[in-house]
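These are my notebook entries on a structure that is new to me. I set down what I looked up, in order.

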Amino acid sequence: MGRAQELDLTKKVMAFNKRIKIKSLLESDFVGQEVTLMGWVRTKRSNKNVSFVALNDGSTINNYQVVADPTIIEEDILKRITTGACIKITGQIVASQGAGQSSEISASAIEILGDADPEKYPLQPKKHSLEFLREIAHLRMRTNTFGAVFRVRHTLAYAVHKYFNDKGFFYIHTPIITASDAEGAGETFKVTTLDLKNPPLNEDGSINYKKDFFEREANLTVSGQLEGELAAMALAEIYTFGPTFRAENSNTTRHLAEFWMIEPEMAFYDAEDNQDLAEDFLQYVIRYALEHCQDDLAFLDKRAAEEEQSKKADQRSELGLMERLRFVTENKFERLTYTEAIDILRNSNPNKKKKFQYLIEEWGADLQSEHERFLVEKHFKKPVILTDYPKEIKSFYMRLNEDGKTVAAMDILFPGIGEIVGGSQREERLENLTARMEEMHIPQEEMWWYLDTRRFGATPHAGFGLGFERLVQFVTGMGNIRDVIAFPRTPGSAEF
């Protein structure tokens with residue numbers, strides 16, 4: 001390649017990358033300037049004199065209007081500008097003559113970067129069902145709905161890191177492959193390199209995991225909490241934010257097999273400190289989204305309102321999406337014990353009139369989503385923190401209260417979704433912890449490393465877990481958790 005060709009190539013590369021994002025165009029005054037835009041065609045309409053192209057580049061939910069004069073842009077190029085095609089436009093920004101935006105680009109040159117056959121491209125300008133869009137998850141982010149959802153998801157993830165960083169927490173990467181089952185539920189995905197058709201066996205016929213890669217049974221993590229506690233015993237305040245996996249054969253709108261968890265663990269915190277942090281954290285990240293995702297949330301609010309209209313009157317939410325978000329950020333959370341909640345629920349009209357699907361008859365019942373939503377939406381009309389649950393329905397690591405019946409647990413309940421956070425003060429007393437492990441048949445010899453944190457320099461400590469997709473679901477108003485993660489993993493589905 002000669003020197004002249006090299007210089008020419010350099011100019012092309014620089015020109016190609018000197019694009020302006022549509023978000024920047026809409027936020028600043030570029031009228032009179034020549035710019036380069038790139039993006040995907042949403043729609044095109046034409047008359048004899050001009051073609052109008054709605055362009056989107058993903059930086060914002062808003063499209064930008066491209067005006068293409070057929071006396072300047074070749075007819076062959078204009079024919080290839082179809083919905084879904086990717087194009088590069090160079091032209092001058094001019095004041096817009098139409099409604100909707102203050103400026104538009106008058107194209108002096110258009111280059112087709114990628115064609116989209118209108119006979120085959122599945123995202124034509126019409127309303128598509130969410131079920132259909134899940135089948136083409138590799139393309140669904142190009143729609144307004146999913147573009148908005150994933151921009152909000154990004155903003156919430158950034159807010160999570162910013163919140164904890166600003167508070168002096170340290171971000172710990174806990175293992176994805178582990179030999180422990182933090183929840184004790186046994187719903188784990190196994191990790192192995194053994195030949196599944198012919199695994200090595202022990203004399204009793206069981207699989208000989210000594211021949212496996214890790215020389216023991218291993219699985220994908222269901223939680224980073226236990227390892228997070230280890231880090232908190234040295235760094236005091238840490239958080240994890242990573243993928244977790246549950247092999248629960250559930251096809252509900254609230255469950256995924258692969259999801260992301262935020263799990264802070266704090267030394268020198270008691271149950272009340274834990275509640276204070278969780279409330280402040282939730283209000284912060286939601287306020288951050290309200291401030292930084294205004295256009296996307298306005299669109300999702302309108303979408304949610306339209307969806308509500310299709311529901312039966314008694315199934316509609318009393319609050320719109322934006323109202324629910326402000327409901328959480330502007331109200332101090334109501335705090336009460338599980339025992340107090342049971343009394344309220346037992347004496348409530350839905351329970352007395354047998355309108356609850358799961359009637360509350362006695363202390364010790366495991367609360368369902370309908371009970372949690374009643375407390376939040378009907379009784380207190382504010383977010384609720386429930387504390388001090390019966391030990392029988394909670395995990396082994398939660399601190400036993402003085403009554404010997406309850407543990408220092410907390411769940412945070414939100415409107416429209418029920419439980420969004422679960423946490424507790426952790427049991428730091430070795431004898432209490434080992435007694436609970438015996439009760440729940442958790443082998444202590446396999447958890448020796450966890451018990452060491454109680455043997456050496458134990459301290460009161462606490463933490464909580466927040467399923468990130470549940471948070472995104474709440475903030476975006478999406479009804480199905482499969483629609484707030486890019487590529488959902490569910491029973492029978494591991495596509496893309």
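I first looked up Phe-281: beyond its neighbours within four places in sequence, Phe-281 is in contact (heavy atoms within 4.5 Å) with Val-160, Tyr-163, Phe-164, Ile-262, Phe-464 and Leu-466. I note that this is a predicted model, in which local features need pLDDT of at least 70, side-chain atom pairs count only at pLDDT 80 or more, and totals for chains, interfaces and linings use all residues. Residues are numbered from 1 along each chain as its sequence is written, and side-chain values use heavy atoms, with hydrogens and water left out.

I then turned to the largest nonpolar core, which has 119 residues; Phe-281 and Leu-282 are among those with the most contacts inside it. Such a core is a set of buried Ala, Val, Leu, Ile, Met, Phe, Trp, Tyr and Cys residues joined through side-chain atoms within 4.5 Å. Buried means under 20% relative accessible area, exposed over 50%, and partly exposed in between (1.4 Å probe, protein chains only).

Next I checked salt bridges, each a side-chain nitrogen of Lys or Arg within 4 Å of a carboxyl oxygen of Asp or Glu. I recorded a count of 26. Asp-280 forms one with Lys-167, with the closest N and O atoms 4.0 Å apart. Asp-280 is partly exposed at 31%, and Lys-167 is partly exposed at 41%.

I also looked up Arg-399 and Glu-428, whose side chains meet in a salt bridge at 2.9 Å, N to O. Arg-399 is buried at 17% relative accessibility, and Glu-428 is buried at 12%.

Lastly, I found Glu-427 and Arg-429 joined by a salt bridge at 2.7 Å, N to O. Glu-427 is buried, at 0% relative accessibility.
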